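Please examine the sequence and the model shown below.

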Amino acid sequence: MGLTIAQKIIQAHLLEGEMKVGEEIALRIDQTLTQDATGTMAYLEFETIGIPRVKTERSVAYIDHNTLQCGFMNADDHRYIGSVAKKHGIYFSRPGNGICHQVHLERFGIPGKTLIGSDSHTPTGGGIGMLAMGAGGLDVAVAMGGGAYYITMPKMYKVNLTGKLRPFVSAKDVSLEILRILSVKGGVGAIIEWGGEGIKTLSVPERATITNMGTELGATTSIFPSDEITKKFLEAEGRGEDWVELKSDEDAVYDRVIDINLSTLKPLIACPHSPDNVVTVESLKGTKCDQVCIGSCTNSSLLDMLKVAAMLKGKTISEDVSLSISPGSKQVLRMLSDCGALGDILASGARVLECACGPCIGMGFSPNSAGVSLRTFNRNFEGRSGTADGQVYLVSPETAVASALAGTITDPMTFGKKLSVSMPRKFLIDDTAVIAPASPEQAKDVEVLRGPNIKPFPAANPVTDVIEAECVLKVGDNITTDHIMPAGAKILPYRSNIPYLSQFCFGVCDKSFPERAKKAGESTQRSYRCI
């Protein structure tokens, strides 16, 4: 019996266990990434392990989440991460260099390698054939120290693509279609491999959009083959030597096979407040929108931005709409500037934000009260935008622009002339904002810098085999990361301060929960949270 792409990578990195669905396996990890919202805690954990230097092939610390720097907390965290990275062998991507997943795809990702990151959308790397998975900060710390990453051996799903996307239908619509088919639970316990003749029509940025959104399916990860299209992308990034061919065996067996005809897809939109609440854009025609946001790790590539610029060229956005554009990396922003596309974007009345996550995590650009916001992001959870009653829809860049121009939700297939956008043969290579770590000899003299908001771990007791405690919270279905711990400019700066951060845990579900959990813990000398 042949192997899938993911099974081949797992087999090559297997340290413990057997590749039997449902069995625990341990994997060797080649690369790690962190971002600053979760990174401070991950590096505090790594320091606690006591290993002087990372043992991965490549570990990168990105600053892309808490770049608003409102108060000293974010800046202190960035200073800490930069110093600990220099000391322990980690590359440091400075604020403004770009979103971790976009930059890693451009500059560091390698087909066939394993990658875990302290961010749930790390599967973006599957767009170039990596086995890329989101993980907890402690898992990343252990992997940086040379330890194994443990997962349950997943099932294998295959999505066969046929045909070719029509004008103004894009990779985002493919992502929304698979969410419509499978739901936000449909990928749980599975790796989704994308194949079929249709993938030959998709560039690496388009593939990365699809693997990025695979996170919303609950999938372990998603992956594309590494083929000539992958090779062309890596060569354009000056990294042709990193390319290897990866494909599944012809007799590979899948637990489920799904067929999607790209030629029949229409522009789709995910309605509030779930990525799988998908309908056609056409069905919401005329709905007033107040705000449009283009960017995030899902749709901020050069290809996406060039399409946006082409649609905006010579036009002005509706006076009733506020439009933000967030390029995914400094590379993307500079190339937009050099080719004149940035000028077309600015002339339309759009606001260009820095190369960071920004509005996606409620870090600025929140919509007005009960405002309708169309976003090219991957999540539209309730309150995530920073506005409690904001009505957030997920759309493609094409739908976003058409709607920003009209002032209402608009099917981009009615836009008119066909776009002519192509990828460059060579990308602009500028790694000046990536700081290499000190050598092992120099690292001895590097001081790790800590701010007053960076708190040590609270003392904890070992977990016993049997736990008896009061259940202080019972929640419903489809609980998201934002229910557990809200994002946004007011809370994210405290990710390195567990005692303070804990005050917001499950606050979206029940504001009294943190205090009740604390009291329950005091009464039993332990604090248990039963979900």
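Predicted model: local features only at pLDDT ≥ 70, side-chain atom pairs only at ≥ 80, totals over all residues.

Q: In which order do the 3 strands of the open sheet stand?
A: Helices (H or I, at least four residues) and strands (E, at least two) are DSSP runs, numbered from the N terminus. Two strands pair if DSSP finds at least two bridges between them. Here the order is E1-E2-E8, with antiparallel pairing. Strand E1 (14–16) and strand E8 (149–152) each have a single partner strand, so they stand at the edges and one side of each lacks a neighbour in the sheet. From one strand to the next, the twist averages 45°; angles run from 0 to 180 degrees between N-to-C directions, and axes are lines fitted to C-alpha atoms, for helices over the stretch in contact.

Q: How many bridges join strand E2 to E8?
A: Strand E2 (residues 24–27) is joined to E8 by 4 bridges. Within this pairing, Ala26 stands opposite Tyr150 in E8.

Q: Which helix lies across E1 and E2?
A: Contact means heavy atoms within 4.5 Å. Helix H1 (residues 5–13) lies across both strands, at about 55° to E1.

Q: In which sense do E9 and E10 pair?
A: Strand E9 (residues 155–162) and strand E10 (residues 190–195) are parallel, with 6 bridges. The chain passes from E9 through helix H6 (residues 171–182) to E10 in a right-handed β-α-β crossover; right-handed applies if, with the strands pointing away from the viewer, the path from the first strand over the helix to the second runs clockwise. In E10, Trp194 is the bridge partner of Val159. E9 is also joined by 6 bridges to strand E12 (residues 256–261), in parallel, and Lys158 stands opposite Val257 in E12.

Q: At what angle do the axes of H6 and H7 cross?
A: Angles under 35 degrees count as roughly parallel, over 145 as roughly antiparallel, 65 to 115 as roughly perpendicular and the rest as oblique. The axes of H6 and helix H7 (residues 204–213) cross at roughly 30° and come within 8 Å. The two helices, H6 and H7, are therefore roughly parallel to each other.

Q: Which residues of H6 and H7 meet?
A: Ala171, Lys172, Val174, Ser175, Leu176 and Leu179 in H6 meet Glu206, Thr209, Ile210 and Met213 in H7.

Note on methods:
Residues numbered from 1 in each chain as written. Heavy atoms only, no water.
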